[in-house]
Amino acid sequence: MGLKRREFLQQAGLVLATLGMSEAGWRQLGSRYLQALAGPGTRKLALLVGVDKYPDSPLHGCVTDVELQRELLIYRFGFVPSDILTLTDAQATRENIETAFVTHLSEQAKPGDVVVFHFSGCGSRVGSIDSDGKMQNSLVPADDVLPLLENRSVNDILEETLLLLVRSLATENAIAILDTSYSYPGFPKNGNFRIRSRPRPTIGQPALAELTFAAGIKSRPNLRSPATLLAAAAPSQLAAEQEWNGFSAGLFTYALTQTLWRATPASSFSICVSRAAGQVEQMGGLPQQPQIRHDDFTTAGEAVNFARSLMLNSPAADGAVTAVEDGGKTVQLWLGGLSPGVLESAAGSVFAVESSEGAKLLLRGRTGLSAKAQVLDGELTAGELVREEIRVLPRNIGLTVALDSGLERIERVDATSAFATLSQVSAAVGSEQPADCRFGRIPETITASAAYDPALYQGRYGLFSLGQILIPDTQGDGGEAVKVAVQRLTPQLKALLAAKLLGLTANEASSRLKVRAVLATLAPQARVVAQREPVRAGGDYRLEPLNGESDKSTQFDILSVKNGSRVQYRLYNDSDRPVYFAVFCCDSAGRLSVLGAEGKDPVPGKSGAIAPGENLSVPTAGALGWQVFGANGLMTTRIIFSETQFDRTLAAVELQQTREALPLVLLNPLNVARAVLEDLHAASIPGVQKVGISTDDLALDVRVWATLSFVYRVV
């Protein structure tokens, strides 16, 4: 490992180490942090805890969370493996966790060192029934106990104890990350998500051993301040985990680690967390807002500010080489930086080795987040970072619809039969299988002002997000048969599949096309909201919201735009060749629309190319912009740039019913989405041939296109 790489990895620890200081404090301490991280005595320590095997509330993704964090810390942040202690399942008892924190972290960390604590598992609320009713957040260890009438004690770790432990560290460069939730909603699952909270109301009180341990930490002299935790959700919200193809993981941990694999010097940590929050909501419609929590000794100003920059000197990565086998002919990869959709279809894709010019890897197989690849060219060593070069996608990608467990057996049979008649749409029974959306009954709603008529609600079906949020405009009328409902929903299902296909073109982390895009509101207030560019394009542009508030908030939410606002996108070509573009918007109901540069011509391609060094606005400069309308919820805009024209896309769009008003809502969005993929495939042929692979699937060279995504909540 060269000096430059080592310096990058040392400095990268700052992203996980600078919670709880004011902006002025950060400026004062910034140079000191850099000196400390660059110094030969700097050490990076981590304690990672994950519990899946609870006595009465098993989880599935917490041990995977530990792997996600461990691989990130080693390969992206330069932690020495022996300095990372992991406690999983039966190892993660209350006593073991607290003892490990003291011996591995407190007793070893010196001023300037970097310390990371991570916990994935169930959370709860505890408090004495003899007290004033005050409840405390707690972490549930593997040796969870059920309180009895004669012994009300539980074996939890109090969040207050964890804050004291963080304050006991000799270094200020510490962060604790908790992927857990505390409130039990009365059910262990929410749609396809398993909830990370103890599935029973807590009437117990902290064990005497826990209170004694906390008192001992609190009595220590020179406890530093502040101590801050990064929590996966607000105290009243649910933190959840999801099943993907081959593995389960916490929504927040998976999204956060993906974001940090792709982080660059231009990305602030708060924006990484904000983007992770948006990704969590995109993955299933589950509102889960990360938050900073702090102790009573920390002022609000100290606790709510993160460091302004990620101190990274290395390019973003999609993963790393973890082992070299067969005399250098094959390698094992960890692909924690890939999105779930791309990861699922990754077999046959080509990766380049970041530090070795010309080294190529052909991915042969995958198990969970690990993969095996054939070395096409070059000599490799373990620890090398890898990035996408050729993305291979099957042409027959489909949409999977989970059937709600509340459906009767005959309803599930009829739904499975009905979905089987639709091309590239399949039904999945049970919440443990990966899916894109859910099909079920609309919950009965009774209001005080209206009498309840059972006939009105019988057989009323609709589509839901994986987090059980009704997708707008999919609910049917009462008395509808299941097969009739599925046929009625066919246009929405095709639109959801189209949005899924367009989502698979997202390559902001791997594209090298020198383009960028800016989202601005024109009314009711004129302001720049956010900007995007490929992280490998080499620009010096700040890739974050520009409202000045993101680094000052105790919670990190996604961008929001008021319903009725008028927005405009500004597209820049900073390359030395012309580029073409297509702009697609998908609203919370799944409707797919296309925008063009000209007010009366929303068809991509007719406006011609963006010349080198030039820019244009969508809608055109001087126009009133595009009005955000429709149901509140997530809006996703994907701006696709390409070095070649969108000939097939243009032909598919022109077959749609056209109108002058923006945007043009596509009547057959699936045909358009498929045409986009075929256009990108055609543009990639020279690069694919140069690498020397042959496939009947779609092969997309990440160097010839860039898809930049703006995700915001319409409020």
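Predicted model: local features only at pLDDT ≥ 70, side-chain atom pairs only at ≥ 80, totals over all residues.
Q: What is the strand order in the open sheet of six strands?
A: The order is β28-β37-β34-β30-β31-β35, and the pairing is mixed.

Q: Which are the edge strands?
A: β28 (559–561) and β35 (664–665), each of which pairs on one side only.

Q: How many bridges are there between β34 and β37, and in what sense do they pair?
A: There are 10 bridges between β34 (residues 633–642) and β37 (residues 705–714), and the sense is antiparallel.

Q: What stands opposite isoleucine 639 there?
A: Leucine 708, in β37.

Q: Which strands does helix α14 lie across?
A: Helix α14 (residues 490–503) lies across β30 (580–586), β31 (592–595) and β34. Relative to β34, the helix runs at about 50°.

Q: Other helix, then. How far apart are the end C-alpha atoms of α3?
A: They are 20 Å apart. Helix α3 covers residues 62–75, and its 14 residues at 1.5 Å a residue should span 20 Å, so the two values agree.

Q: How many of the α3 residues are buried?
A: 11 of its 14, so α3 is mostly covered.

Q: Which ones are buried in α3?
A: The buried residues are Cys62, Thr64, Asp65, Val66, Leu68, Gln69, Glu71, Leu72, Leu73, Ile74 and Tyr75.

Q: Moving to the cores. How many residues are in the largest nonpolar core?
A: It has 115 residues. Those with the most contacts inside it are Leu333, Leu335, Leu361, Phe419, Phe439, Leu493 and Phe584.

Q: And the second, separate core, what does it include?
A: That core has 38 residues, among them Leu45, Phe119, Leu164 and Ala227.

Q: Back to leucine 333. What is it in contact with, leaving aside neighbours within four places in sequence?
A: Its contacts are Ala320, Val321, Thr322, Leu361, Leu369, Ser370, Ala371, Ala373 and Val386.

Q: What about β13, how many of its residues are buried?
A: Four of the five residues in β13 (residues 240–244) are buried.

Q: How many bridges join β10 to β13?
A: Two bridges join β10 (residues 193–195) to β13, and the strands run antiparallel. Arginine 194 has glutamate 241 of β13 as its bridge partner.

Q: And how many bridges are there between β13 and β14?
A: Four, again with antiparallel pairing; β14 is residues 247–250. Serine 248 in β14 is the bridge partner of glutamate 243.

Q: What do β13 and β14 form?
A: A hairpin, with two residues between the strands. Glycine 246 sits in the turn and has a positive phi of about 105°.

Q: Is cysteine 122 buried or exposed?
A: Buried, because its relative accessibility is 1%.

Q: On to the backbone. Which peptide bond near omega 5° is cis?
A: The one from alanine 523 to proline 524. Proline 524 is in the loop between β26 (515–523) and β27 (527–532).

Q: What is omega for the cis bond from valine 618 to proline 619?
A: It is near -10°. The loop between β32 (615–618) and β33 (626–627) holds proline 619.

Q: And aspartate 89, what is its phi?
A: About 50°, a positive value although the residue is not a glycine. Aspartate 89 lies in the loop between β2 (84–88) and α4 (94–106).

Q: Is aspartate 89 buried or exposed?
A: Buried, with a relative accessible area of 15%.

Q: What about the phi of aspartate 326?
A: That phi is near 55°, also positive in a residue other than glycine. Aspartate 326 is found in the loop between β16 (319–325) and β17 (330–334). Its relative accessible area is 47%, so aspartate 326 counts as partly exposed.

Definitions and conventions:
Residues numbered from 1 in each chain as written. Heavy atoms only, no water. Pairing = 2+ DSSP bridges. Contact = heavy atoms within 4.5 Å. Axes fitted to C-alpha atoms, helices over the stretch in contact; angles between N-to-C directions. Expected span 1.5 Å × (residues − 1). Buried < 20%, exposed > 50% of the residue type's maximum accessible area, 1.4 Å probe, protein only. Core = buried A, V, L, I, M, F, W, Y, C linked by side-chain atoms within 4.5 Å.
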